[in-house]
Amino acid sequence: MNSVKILIADDEARMRKLVSDFLKKEGYQVIEAGNGKEALDIFFSGQKFDMVILDVMMPEMDGWSVCREIRKRSQVPTIILTARGEENDELFGFSLGADEYITKPFSPMVLVARVQALLRRARNGQKIVKSYNGLEIDITGHVVYIDGKKVDLSPKEFELLVYFVNNEGIALSRDQILNSVWDYDYFGDARTVDTHVKKLRLKLGSKGDYIQTIRGIGYKFEVGK
């Protein structure tokens, strides 16, 4: 459970602490933001979040706007918290892509239960999506998006990218990559890896820098903090 990271955005410090304390007791990692703009900055800073919990009424940028911006680039499970319980507000939240809508005041234990249920649904859902600060990889759908725009990759380029992200932060030799992506029966050499990495980087544009060259070894996928 410790690998699950949740971003909480609420301008009320007491509310953030209340929610954070209950989630931490369940073993979740929690990052806090005091306003909408800070929440977006944190979310797109390169960290990977498994869930976002947003208060609606926040300075700088409200929860609706934050949810809208996140949905342009990510399908991370999102819960909206609000003091407004009107049906139209709930429908509006869902239209923006929110997964849950909880009205204040609420029981912290109920919130925790909703969080757990939503995470289970996300894990058991058909889609497996990995997001890295504007780079979104729909592994199930075999599709890659950069800042919301689809990128056309060849099957081997896609397989190579998935191999990199599944080994995030690990320096991989060219032989390791060749054997894993092209399999052991492939009769080729390390130049095949270099050629495909070069093409993949070009197609990923500015996100191509996530694939780092490790001198004397090979490559490593890592998103700067």
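Predicted model: local features only at pLDDT ≥ 70, side-chain atom pairs only at ≥ 80, totals over all residues.
Local features need pLDDT of at least 70 and side-chain atom pairs 80 or more, while totals for chains use all residues. Residues are numbered from 1 along each chain, and side-chain values use heavy atoms, without hydrogens or water.

Trainee: Is Lys104 buried or exposed?

Mentor: Lys104 lies in the loop between β5 (100–103) and α5 (108–124). Buried means under 20% relative accessible area with a 1.4 Å probe, protein chains only, and exposed means over 50%. At 14% relative accessibility, Lys104 therefore counts as buried.

Trainee: Which residue does the side chain of Lys104 join in a polar contact?

Mentor: Beyond its neighbours within four places in sequence, Lys104 is in contact (heavy atoms within 4.5 Å) with residues including Asp10, Glu12 and Asp55. A polar contact needs N or O atoms within 3.5 Å, one able to donate a hydrogen and the other to accept it. At 3.0 Å, the side chain of Lys104 has such a contact with that of Asp55.

Trainee: How is α6 oriented to α7?

Mentor: Two packed helices are described by the angle and the distance between their axes. The axes, lines fitted to C-alpha atoms over the stretch in contact, with angles from 0 to 180 degrees between N-to-C directions, come within 10 Å and cross at roughly 120° for α6 (residues 155–166) and α7 (residues 174–181). Angles under 35 degrees count as roughly parallel, over 145 as roughly antiparallel, 65 to 115 as roughly perpendicular and the rest as oblique. So α6 is to α7 oblique.

Note on methods:
Helix = DSSP H or I, 4+ residues; strand = E, 2+ residues; numbered from the N terminus.
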